[in-house]
Amino acid sequence: MLFATLTPYEMARDQRVSENPFVFDRPLDPGDLVDREEELALLTERLRDGVNTRLSSPRDYGKTSLLHRAVADARAADAGAVLVDLYGVRTAGQMAAQIELAYSELPVGALSSALGTLRRHGGGMGVQTPFGGASVSFGAGEAGHRALLDALELPARLHDKTGRRILVVFDEFQVVLNVDLDALIRSVIQHHGSGVTYVFSGSHPGMMRSLFSDRKRPFYGQAAPLELHRLPREAVGDYIVERFQQTTREPGEALGWLLDLVDGHPQRAMLFAHLLWRHTAVDTEAGEKEWLGAYEEAWGYLQGDFEATWDSLTAVEGGVVDAVAAGVQSLTGKATREIFGLPAGSAAGEAATRLAEQGLLARSGTGRQTRYELVDPVFAGWVVRGKRWVS
């Protein structure tokens with residue numbers, strides 16, 4: 001029996017065409033970021049000028065992917081850059097552990113060498129990350145708030161030792177409200193000067209607004225705003241076409257249906273592109289059959305999220321979501337109240353504000369010009385269709 005031997009080129013091609021290029025369930029690699037050139041340029045400018053940033057976006061808008069790319073770009077420009085993931089942090093000691101863990105992932109070089117020197121001079125004790133994980137070092141006998149104070153000083157000490165600019169990104173920064181640590185953090189970093197720049201990123205619009213827009217909070221006015229919006233249709237389309245063609249497929253007419261459905265939502269675009277690619281054979285073009293297969297399969301990914309979101313709403317909130325999904329902007333008109341079961345008075349407006357603070361609705365304008373839309377256009381379509389998944 002004879003066995004065909006593939007050349008290295010043929011093996012590489014087979015791997016390329018059989019590996020799905022669309023990632024929807026984790027942050028994208030820095031080189032795979034979709035668009036966001038303006039946001040990256042602004043972050044680069046602020047790093048150069050020593051201006052701190054508060055980055056806010058709804059969930060699944062590609063915030064963490066953007067931050068990974070910003071860190072990679074800063075490192076390529078010979079700056080030090082770390083991303084501190086604060087998700088799940090509940091204490092000062094856990095936050096300190098996450099900071100130390102982020103610095104331990106610095107690339108080998110002058111900064112990692114300087115970090116090693118600082119740690120050797122500081123002695124140490126083992127502290128676990130919030131999820132177990134490897135031990136990290138703090139000064140002997142220090143814990144809790146003392147450990148956090150020491151960890152917060154690391155970027156300034158690294159800048160002093162190496163002369164390099166340092167970028168520190170705190171992702172899910174809104175957790176500091178739950179543990180009441182914003183005053184302690186600011187008491188340290190306000191003395192770091194222009195050699196250390198911070199990005200404070202969060203996916204809960206209301207909590208981020210409370211941190212930076214409430215005059216009573218320590219971080220009031222301490223960072224320039226940057227908000228992420230939906231992606232341009234053309235950029236999403238070009239990204240999908242390129243990756244289909246790189247894997248010897250064509251999105252065909254299904255591309256238009258996909259772009260109409262996701263309407264620039266980053267995660268939804270990647271999910272439906274991933275599924276459409278799965279249903280499109282090598283050396284073929286996606287059409288109605290492939291699109292319907294992808295669309296039907298998507299419900300298995302979305303059902304739990306959509307139904308849990310809907311079930312969590314009060315009666316008034318549900319009426320507001322129904323109205324906004326239908327394109328209604330005035331929540332107080334008589335016809336709107338009758339159609340969507342909304343009460344008279346301020347209850348509907350208060351519910352809309354609350355849903356915007358939670359990140360389910362996006363709000364624009366002020367006063368009588370206030371407008372709302374659902375953050376997730378796919379969820380909006382499901383609501384409009386009577387909470388049914390139909391093509």
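This is a predicted model: local features need pLDDT of at least 70, side-chain atom pairs count only at pLDDT 80 or more; totals for chains, interfaces and linings use all residues.
Q: What makes Phe-170 and Phe-200 a stacked pair?
A: Two numbers settle it. The ring centres are 6.2 Å apart, and a pair needs them within 6.5 Å. The planes are 15° apart, and under 30 degrees counts as stacked. So Phe-170 and Phe-200 are a stacked aromatic pair.

Q: Why can you say that this pair ties together parts that are apart in sequence?
A: Because Phe-170 sits in strand E5 (residues 166-171) while Phe-200 sits in strand E6 (residues 196-202), the pair links parts 30 residues apart in sequence.

Q: Why is the pair of Phe-379 and Trp-382 called tilted?
A: Here the ring centres are 5.6 Å apart, within the 6.5 Å cut-off. The planes meet at 35°. Stacked needs under 30 degrees and edge-to-face needs over 60, with the rest counted as tilted.

Q: Where do Phe-379 and Trp-382 lie?
A: Both are in helix H18 (residues 377-384), three residues apart, which is about one turn of the helix.

Q: How do you know that Phe-379 is buried?
A: Its relative accessible area is 3%, and buried means under 20%, so Phe-379 qualifies.

Q: What about Trp-382, buried or exposed?
A: Buried, because Trp-382 has a relative accessibility of 2%.

Q: Which cluster do ring pairs build around these residues?
A: Phe-379 and Trp-382 belong to a cluster linked by ring pairs, together with Phe-272, Trp-291, Tyr-295, Trp-299, Phe-306 and Trp-389. The count of aromatic pairs comes to 23.

Q: What makes helices H11 and H13 roughly parallel?
A: H11 (residues 233-246) and H13 (residues 266-278) pack at an angle of about 30°, with axes 11 Å apart. That makes them roughly parallel, because angles under 35 degrees get that label. The crossing of H11 past H13 is right-handed.

Q: Which residues make the contact between H11 and H13?
A: H11 brings Val-236, Tyr-239, Ile-240 and Phe-244, and H13 brings Ala-269, Met-270, Ala-273, Leu-276 and Trp-277. Two of these rings also have an arginine over the face: Arg-243 lies 3.6 Å from the ring centre of Tyr-239, and Arg-249 lies 3.8 Å from that of Trp-277.

Q: How do helices H6 and H9 cross?
A: The axes of H6 (residues 144-152) and H9 (residues 182-189) come within 9 Å and cross at roughly 35°. H6 passes H9 in a right-handed crossing. On the H6 side the contact uses His-145, Leu-148, Leu-149 and Leu-152, and on the H9 side Leu-184, Ile-185 and Val-188.

Q: How do you know that Ala-81 is buried?
A: Ala-81 has a relative accessibility of 1%. Buried means under 20%, so Ala-81 is in.

Q: Where is Ala-81, and which residues does Ala-81 touch?
A: Ala-81 is in strand E2 (residues 80-85). Leaving out residues up to four places away in sequence, Ala-81 touches Val-71, Ala-74, Arg-75, Leu-106 and Leu-167. Val-71 is ten residues away along the chain, with 5.4 Å between the two C-alpha atoms.

Conventions: Residues are numbered from 1 along each chain as its sequence is written. Side-chain values use heavy atoms; hydrogens and water are left out. Rings of Phe, Tyr and Trp (its six-membered ring) pair if their centres lie within 6.5 Å; planes under 30 degrees apart count as stacked, over 60 as edge-to-face and the rest as tilted. Helices (H or I, at least four residues) and strands (E, at least two) are DSSP runs, numbered from the N terminus. Buried means under 20% relative accessible area, exposed over 50%, partly exposed in between (1.4 Å probe, protein chains only). A charge sits over a ring if NZ of Lys or CZ of Arg is within 6 Å of the ring centre and within 35 degrees of the ring normal. Contact means heavy atoms within 4.5 Å. Axes are lines fitted to C-alpha atoms, for helices over the stretch in contact, and angles run from 0 to 180 degrees between N-to-C directions. Angles under 35 degrees count as roughly parallel, over 145 as roughly antiparallel, 65 to 115 as roughly perpendicular and the rest as oblique. A crossing is left-handed if the near helix is turned anticlockwise from the far one by less than a right angle, and right-handed if clockwise.
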